[in-house]
Amino acid sequence: MDDTHLRALLGERHPFTSPASLRRAEDYLTEEFTHLGLEVSTHSFKALGGTYRNVIATLPPLVAARPAPPLIIAAHYDTVEGSPGADDNASALAVMLEVARNLRAVPLTRNVRFIAFCLEEENLLGSLAYASSIQAAHEEICGAIVLECVGYARTEEGSQQKPTGVPVAVPTVGDFLGIVGNVVSEPLARAVQAAANLAVPELKTVSLLVPGNGELLPDTRRSDHAAFWHHGYPAVMLTDTANFRNPHYHQTTDTLETLNLAFMEQVARAVTAAAIALCSITQATVIRRGKSVWKEAALAVPQLATLVASLMADRRVPAKVKATLAGVAAYLAMPFDLIPDFIPVLGYLDDLVLVILVFDGVLNQIDEAIVAEHWKGDPATLQRLRAMSRRAARFIPYWIKRKLFGPPL
């Protein structure tokens with residue numbers, strides 16, 4: 001992930017001390033969502049003696065299906081007074097924009113609403129107004145994934161503190177993503193964690209489910225997810241734990257230089273995978289009942305062949321990658337295999353090795369949006385194959401992968 005969005009959004013964004021910067025952030029988010037091709041609107045609300053706006057960008061489903069409650073992915077765009085707000089909360093806005101870009105060409109069966117909330121730092125006024133409005137309209141949602149400070153990660157022992165009263169084990173190294181939900185949100189929290197762990201195994205996660213609406217643990221209520229809890233909607237907060245890890249939280253030193261862009265990229269991939277799992281054609285769980293991931297991979301070989309052919313014709317795919325894809329396509333099209341295809345499951349074993357090689361060496365290096373655009377199968381299967389290939393390819397010698405695909409991107 002690059003720092004383009006971070007640089008554009010960085011700076012104090014406060015309703016009283018920097019209202020012009022707050023409006024510029026609103027305009028930037030509107031322009032970026034529009035540029036991505038999403039349907040952009042605003043939700044206006046009265047607060048603090050004025051009118052403020054939540055920015056809403058809707059990604060409609062590409063697959064015709066019975067209308068389903070939308071999934072919300074959200075982050076706030078205001079800051080406290082005096083802070084440039086890099087981690088809090090430009091990091092989350094940048095991740096949200098990246099997820100929107102990743103999902104553009106994915107065949108989803110429900111709307112995804114990307115919402116940039118205003119006045120989170122003023123007692124959640126923006127999200128409370130929005131959640132109240134959808135409740136008044138008797139609107140259901142699939143759930144809300146709220147991003148709150150997702151850019152600070154450390155590897156030193158003792159870099160993570162534990163909030164008072166938290167009943168789960170918290171690592172002492174601040175290199176994980178926290179997933180916070182309440183009891184109503186348990187299915188959503190489990191789905192997000194499962195998708196993240198499968199698609200981005202290198203991203204550590206720690207989950208916490210609180211009773212009620214988190215009243216006994218006030219630190220778990222400090223973001224816009226609490227507004228959804230208040231109105232009875234399922235919601236989870238994804239966080240780097242803010243001041244329990246980041247010494248720059250709400251300070252003038254919350255700057256771009258303190259952020260970990262690699263960690264943010266992992267979070268973006270995890271949220272993308274979670275959205276696909278929650279909005280895919282099958283509404284799939286991580287593994288379908290009665291079907292192992294290996295059998296699923298073998299049965300996906302014909303879809304892989306179609307994908308390879310489509311990528312070969314795409315001008316955005318590098319020439320070296322196309323050369324490798326050409327060899328794969330030729331092998332998959334051969335009438336003779338090392339193991340004949342008419343042998344159930346085992347007949348695809350040699351092709352399966354190619355699946356692992358191609359996904360790890362090529363598809364995991366191509367822009368996810370490009371791959372999703374050409375994939376004709378279940379998007380949840382695509383995410384599982386990506387994750388499986390990352391694990392399985394660890395057993396393939398590095399020199400072989402480098403010879404076939406060149407150095408990693």
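A polar contact here is a pair of N or O atoms within 3.5 Å; within protein, one atom has to be able to donate a hydrogen and the other to accept it, and residues adjacent in sequence count only if both atoms are side-chain atoms. The model is a predicted one, with local features needing pLDDT of at least 70 and side-chain atom pairs counting only at pLDDT 80 or more, while totals for chains, interfaces and linings use all residues. Residues are numbered from 1 along each chain as its sequence is written, and side-chain values use heavy atoms, with hydrogens and water left out.

R222 sits in the loop between β7 (204-210) and α6 (225-230); helices (H or I, at least four residues) and strands (E, at least two) are DSSP runs numbered from the N terminus. Its side chain also makes a polar contact of 3.0 Å with that of D219. Setting aside residues up to four places away in sequence, R222 touches E120, E148, A242, N243, F244 and Y249, contact meaning heavy atoms within 4.5 Å. The C-alpha atoms of R222 and E148 are 9.0 Å apart, although 74 residues separate the two along the chain. With a relative accessible area of 30%, R222 is partly exposed (buried is under 20%, exposed over 50%, partly exposed in between, with a 1.4 Å probe and protein chains only).

N182, in strand β6 (residues 176-182), is buried, at a relative accessible area of 2%. Its side chain joins that of S185 in a polar contact of 2.5 Å. Beyond its neighbours within four places in sequence, N182 is in contact with L209, V210, G212, N213 and W229.

Helix α5 (residues 186-199) has 14 residues and runs 20 Å from its first C-alpha to its last, close to the expected 20 Å, that is, 1.5 Å times one less than the number of residues. Buried residues in α5 include L188, V192, Q193 and L198.

Next come α3 and α7. The axes of α3 (residues 86-103) and α7 (residues 261-279) come within 9 Å and cross at roughly 50°, which makes α3 oblique to α7. Axes are lines fitted to C-alpha atoms, for helices over the stretch in contact, with angles running from 0 to 180 degrees between N-to-C directions; under 35 degrees is roughly parallel, over 145 roughly antiparallel, 65 to 115 roughly perpendicular and the rest oblique. Among the residues that meet, α3 supplies S91, A94 and E98, and α7 supplies M264, A268 and T272.
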